[in-house]
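Hi,

Here is the structure I promised to pass on. Have a look at it first, and then read my notes below.

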Amino acid sequence: MMALLAFNYNCSTLITDTYKDKGARKQLIRELKTKGIIDDKVLNAMLKIPRHFFMHKDFRNHAYLDKAFRIGEGQTISQPFTVAYQTQLLCVEKGESVLEIGTGSGYQSAVLLELGANLTSIERHEPLHLEAQKVLKFLGYQAIFIFGDGSLGYPKNAPYDKIIVTAGAPVVPKALIEQLKIGGILIIPVGDGKTQKMHSIIKTGLNSIENIELNDFKFVPLIGEQAWL
Ligand code: SAM
């Protein structure tokens, strides 16, 4: 026991990525392909990242099912298909500045970081904000994590090449469009508390956007100053 306490002991070191986990991950990637995910960069990133590290150990056996799971504070880690779908739409290139609203477990952050994003991620629940950072640091990823209201964006690091919102917004927050570069992309689910439509919004000029409405999803709500109807 003394020896254990003598070095920087970290609970994350108790989690391992076994052959069984890796096999289950391969199977999940095959499933995502059959569901229409075609971007190899996204699929390879998800093949590499141990999703079970971002979930409570009681759900470890469910980590490679295509399902959302509770992560505490009434929130969820997004379904893998949803993560893949949003990431594919975001078209992240290495070195691009990306703003993520809703860090949650940090799993989506890991996918963006694996793709080479220069990431700023915001979460409004402090325990999630702190836990996600621990796991991502343990896995060797670096990003800027902000505890606060992401509906206001994060002007300090703006403008962004890409913005992704991982909670259902009743409206598109104006601040997010303002903080996007011209030519930048915002991926955001918009709708009521029951269902939302994924929107892909391209900022075409200082005061113009092109807004494409896509499939239906069901997210936990975006709660914040610019998330009111
Ligand atoms: N991407 C996350 C993952 O992979 O685990 C999923 C996040 S969960 C579906 C949505 C997250 O958005 C929740 O953690 C919630 O607390 C957060 N959220 C909701 N409104 C927010 C806001 N205004 N600012 C920051 N985070 C917010």
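What radius of gyration would a compact globule with 229 residues have, and what does the protein have? The globule would come out near 17 Å, and the protein has 17 Å, so the two agree. (The radius is taken over C-alpha atoms, and the globule rule is 2.2 Å times the number of residues to the power 0.38.)

Before you go further: this is a predicted model, where local features need pLDDT of at least 70 and side-chain atom pairs count only at pLDDT 80 or more, while totals for chains, interfaces and linings use all residues. Residues are numbered from 1 along each chain as its sequence is written, and side-chain values use heavy atoms, with hydrogens and water left out.

**The overall picture**

You'll find 7 helices and 9 strands. These are DSSP runs numbered from the N terminus: helices are H or I with at least four residues, strands are E with at least two. Buried residues make up 48% of the 229, where buried means under 20% relative accessible area (1.4 Å probe, protein chains only).

**The ligand**

There are 27 residues around the ligand, and Ser-105, Glu-123, Asp-149, Gly-150 and Ile-223 come nearest. To count as near, a residue needs a heavy atom within 4 Å. The side chain of Ser-105 has an N or O atom 2.6 Å from an oxygen atom of the ligand. The side chain of Thr-166 also puts an N or O atom 3.4 Å from a ligand nitrogen, and for Arg-124 a backbone N or O atom lies 3.4 Å from a nitrogen of the ligand. On its own the ligand exposes 600 Å², and the protein buries 99% of that (Shrake-Rupley method, 1.4 Å probe). Strand S2 (75–77) is one of the elements that give two or more residues to the shell, and S2 provides the largest share, 3 residues.

**Tyr-64**

This one sits in the loop between helix H3 (40–48) and strand S1 (69–72). Is Tyr-64 buried or exposed? Tyr-64 is buried, because its relative accessible area is 9%. Leaving aside neighbours within four places in sequence, its contacts (heavy atoms within 4.5 Å) include Asp-21, Ala-24, Leu-28 and His-52.

Cheers!

Conventions: Polar contact = N/O pair within 3.5 Å; in protein donor to acceptor, adjacent residues only side chain to side chain. Buried < 20%, exposed > 50% of the residue type's maximum accessible area, 1.4 Å probe, protein only.
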